[in-house]
Amino acid sequence: MSHDPYREWLRTRLGQELGLHGADTAIEGAVQRRGWPALRALGPRDVVAVLQDVYSSLRRSVGDTRADSWLQSTTVDLAEYAQTVPVPAQPTSGPLAPEATPAPLRWGRRAHDLPLLLARANAEIAGRSLGAIRADPTLLGLAGTAEWDVQATLAEVRRWETEKMLSSLRADHSRTEVADAVAAAAAQAEWLRLNVRELQAELTGGQNVTAQLAHARLTLTQLDAFLQAFTPLIEAGDADQPLPPCEARLDHDFFSLEVPLNPAVLRARHALKLAQWRAGAGPGAESAAVQAQQALEAAEAEARARLETTLHTARTAQARFVPLRQQVGALEERLRVLGQRGGDPLSLARVRLEWRQARASARVQAHLLEQAMRLLESLVDAGEAPEQTGG
């Protein structure tokens, strides 16, 4: 296998659009901008980063439609290539079994830290195994299989790093959503106080509004209790954060790398390569290779199903967010017009309440979309990928 197969694939593919000189320039520019070591072997995530750079340039030169089509077809081809070629892996230095036994881990850590610790340990073990295999002439035929093992363990590390990132992101989103709920409750309390005064005046004037007044007072009492409990727990400014644009490409093909780079798929592919190597090394292992092939196909089917589920979540959130954002804009305009025309306080309070409620609903959908997008991008985003080195 080539020392840097993904760089060569990328150079050939970009050469079709930019010429070989333009391809080399694009790759070198991406490497310099991101501070990658010049001689480091590229992997699929690195290729995606370069493709995004070229895509941005193509949008300016040939337009969005052609640039989108080019990026879509290139990403699909890259996903197919990633099914057959592992990322060139650098063995982890040191002996396979260290002489000094390390001190036992402290198990008082938060539970979600432990899978990440285990994944990093497995990745280090896989790297040491690759080094041992390359050093043993009788096992050289297993080196390619070991590279799939290293890629699978690194993907598992990335999976748990993603889980940690999403956990932190969800916590941030929850804080903001609670702040929105408190702001909406405060707006509703303001409207109810004005409404109670109006109902009291109507009651004094002889109108039969006793039931409405009692209900308004009860609701206001409940809201005041809620605000007393939750207002000290939030940052009031969080509710005034602007809504994000939430514009995302959600075509399946743009995320086709999610399947071949899925940790479970990579693990199944390594198991298949190992079974095939054993079948070639001696008789009696053919059935194991067949079972491993079936396991790989099942893992790919599950990865595709999860991809579709996540895309569906993102599409649903985006579809719900768009009209809510439009509603927020319309209510902001109504508030502006009412303020200019000297609208009565009760009308202003009512529109402000609707605005707060619409913002809170829109933000929930924006957060769902952001979480889905961060999950979709986690395997193919070169910005946060574990460092890869050429072997």
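I began with the largest pocket, which holds about 630 Å³ of space. A pocket here is an open set of points on a 1 Å grid over the protein atoms alone, where a 1.4 Å probe fits, with protein on both sides within 12 Å along at least five of seven lines. The volume is the space filled by probe spheres set on the points.

The model is predicted, and local features need pLDDT of at least 70, side-chain atom pairs pLDDT 80 or more, while totals for chains, interfaces and linings use all residues. Residues are numbered from 1 along each chain, and side-chain values use heavy atoms, without hydrogens and water.

I then looked up the lining (residues with an atom within 4 Å of a point). It has 24 residues, and the closest to the pocket centre are Glu 163, Asn 262, Arg 306, Thr 310 and Leu 375. Helix α8 gives the most to this lining, with seven residues. I noted that α5 (143-204), α7 (263-281), α8 and α9 each supply at least two.

I next examined α8 (residues 286-340) against α9 (residues 345-377): the axes, lines fitted to C-alpha atoms over the stretch in contact, come within 7 Å and cross at roughly 155 degrees. The two helices are therefore roughly antiparallel (angle over 145 degrees).

Last, I checked α5 against α6 (residues 210-230), which pack at about 150 degrees with their axes 9 Å apart. This makes α5 roughly antiparallel to α6. The helices named here are DSSP runs (H or I, at least four residues), numbered from the N terminus.

Technical notes
Axes are lines fitted to C-alpha atoms, for helices over the stretch in contact, and angles run from 0 to 180 degrees between N-to-C directions. Angles under 35 degrees count as roughly parallel, over 145 as roughly antiparallel, 65 to 115 as roughly perpendicular and the rest as oblique.
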